[in-house]
Amino acid sequence: MSTTAAPTIKHTVISDFKEITKMRLSLSVVFSSVAGYFLGVDTDNISLKIVLLLALGGYFMVGASNAFNQIIEKDLDALMHRTRNRPVASGRMTVNTAFLIACVFTILGIAILYTINAQTAMFGAISIFLYTSVYTPLKTKTPLSVFVGAIPGAIPFMLGWVAATDDFGIESGTLFALQFFWQFPHFWAIGWFLFEDYKRGGFFMLPTGKQDKGTAIQIILYTIWTILVSIVPVFGVTGRLKLSIIAAIIVFGLGLMMLFYAIKLYKNMNEKVAKQLMLSSVLYITLIQIVYVIDKFIR
């Protein structure tokens, strides 16, 4: 009996750990941070130790934010199909256990990032505070929560640059702006195809509060802003952050892919296209980060 029960318990613990820290989201944030590091670091001064510390500290910080979020929203999560099986909402994990995880992760994350430099730790701490104390409570109050949430969401790409240079300037500001504007079409697309589920939890995610033309137009506009910011480095106005013409063309083309689905959503106004837009936005942000890094090392 005990030999068959153990794997089930182990599987539940591992699954709950993945869920409370939102492992896939956390890993995508780590990817952005590491990409930002490679953009900022001198090619002859790459430190695998810093990459490891950045990845580990970044994961702890995002994991802490997600754990705090699931504690605060446990009753609302229980109302939605998408989130009702989360560890705290389902009752598999107590609030005290989740709170302990969140606190330990916060301390470890800040401490690890501080070993890189103080600015990196500061921005990591700001990210946790904004996500937990401002963005999360606002989600049931106003669609402006997405604007607030876009700030911690845009920090990771910039954080890597700060970790590499111990400096926040035009370069890291540009990386921040790029991921900041990208947040809007990405999360509004999610808000669109999960509209009914979000409504059960009382969350206001779409800018107009409805799946209407006004929301679709704003998605298009913010997608255009994202595309424009993404190619700014090709003009040589962003300090050490540069982009070759070929790379800029590729980045622009990837942006047009996302814009295609944004316009398609305006025309079709349905959940299927909104999901296509969300998937294209994930593909877009991942690929342009890769293009940015590759372009730096082959330029």
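Predicted model: local features only at pLDDT ≥ 70, side-chain atom pairs only at ≥ 80, totals over all residues.
Start with the overall fold. For 299 residues, a compact globule would have a radius of gyration near 19 Å, and the protein chain has 20 Å, which agrees. Of those 299 residues, 49% count as buried. If we take contacts with a separation of 6 or more, 73% of them are between residues 24 or more positions apart.

Next, helix α2, residues 23-40. Its 18 residues should span 26 Å at 1.5 Å a residue, and the end C-alpha atoms are 26 Å apart, so expectation and model agree. Which residues of α2 are buried? The list is Ser26, Val29, Val30, Ser32, Ser33, Val34, Ala35, Gly36, Tyr37, Leu39 and Gly40. The cover over these buried residues includes α3 (48-72), α8 (145-165), α9 (170-193) and α13 (271-298).

In soluble globular proteins, nonpolar side chains tend to be buried together. Here the largest nonpolar core has 54 residues, and Leu39, Tyr284 and Tyr292 have the most contacts inside it. Two or more residues come from each of α2, α7, α8, α9, α10, α11, α12 and α13. Helix α9 gives the most, with 11 residues. As for Tyr292, beyond its neighbours within four places in sequence, its contacts include Leu39, Leu175, Leu178, Val229, Ile231, Pro233 and Val251. Another core, of 32 residues, lies apart from the largest one; among its members are Ile20, Met93, Ala121 and Phe123.

Two of those members come up again at Pro87. This residue is in helix α5, residues 87-90. Is Pro87 buried or exposed? Its relative accessibility is 0%, so Pro87 counts as buried. Leaving aside neighbours within four places in sequence, Pro87 is in contact with Asp16, Glu19, Ile20, Gln70, Arg92 and Met93.

Now the aromatic rings. A pair is described by the distance of the centres and the angle of the planes. The count comes to 20 aromatic pairs. Tyr37 and Phe38 form an edge-to-face pair, 5.6 Å centre to centre with 70 degrees between the planes. Tyr37 counts as buried because its relative accessibility is 2%. Phe38 also pairs with Phe297: the centres are 6.3 Å apart and the planes are at 70 degrees, so this pair is edge-to-face. The Phe38 and Phe297 pair links distant parts of the chain, helix α2 and helix α13, 259 residues apart. Phe297 itself is partly exposed, at a relative accessible area of 36%.

There is also one aromatic cluster made of Phe147, Phe176, Phe180, Phe181, Phe184, Trp188, Tyr222 and Trp225.

Last, charges over rings. The charged end of Lys139 sits over the ring of Phe203, 4.8 Å from its centre. For Lys213 the ring is that of Tyr266, with the charged end 4.0 Å from the ring centre.

Definitions and conventions:
Residues numbered from 1 in each chain as written. Heavy atoms only, no water. Helix = DSSP H or I, 4+ residues; strand = E, 2+ residues; numbered from the N terminus. Expected span 1.5 Å × (residues − 1). Buried < 20%, exposed > 50% of the residue type's maximum accessible area, 1.4 Å probe, protein only. Contact = heavy atoms within 4.5 Å. Core = buried A, V, L, I, M, F, W, Y, C linked by side-chain atoms within 4.5 Å. Phe/Tyr/Trp six-rings, centres within 6.5 Å; stacked < 30°, edge-to-face > 60°. Lys NZ or Arg CZ within 6 Å of the ring centre and 35° of its normal. Rg over C-alpha atoms; globule rule 2.2 N^0.38 Å.
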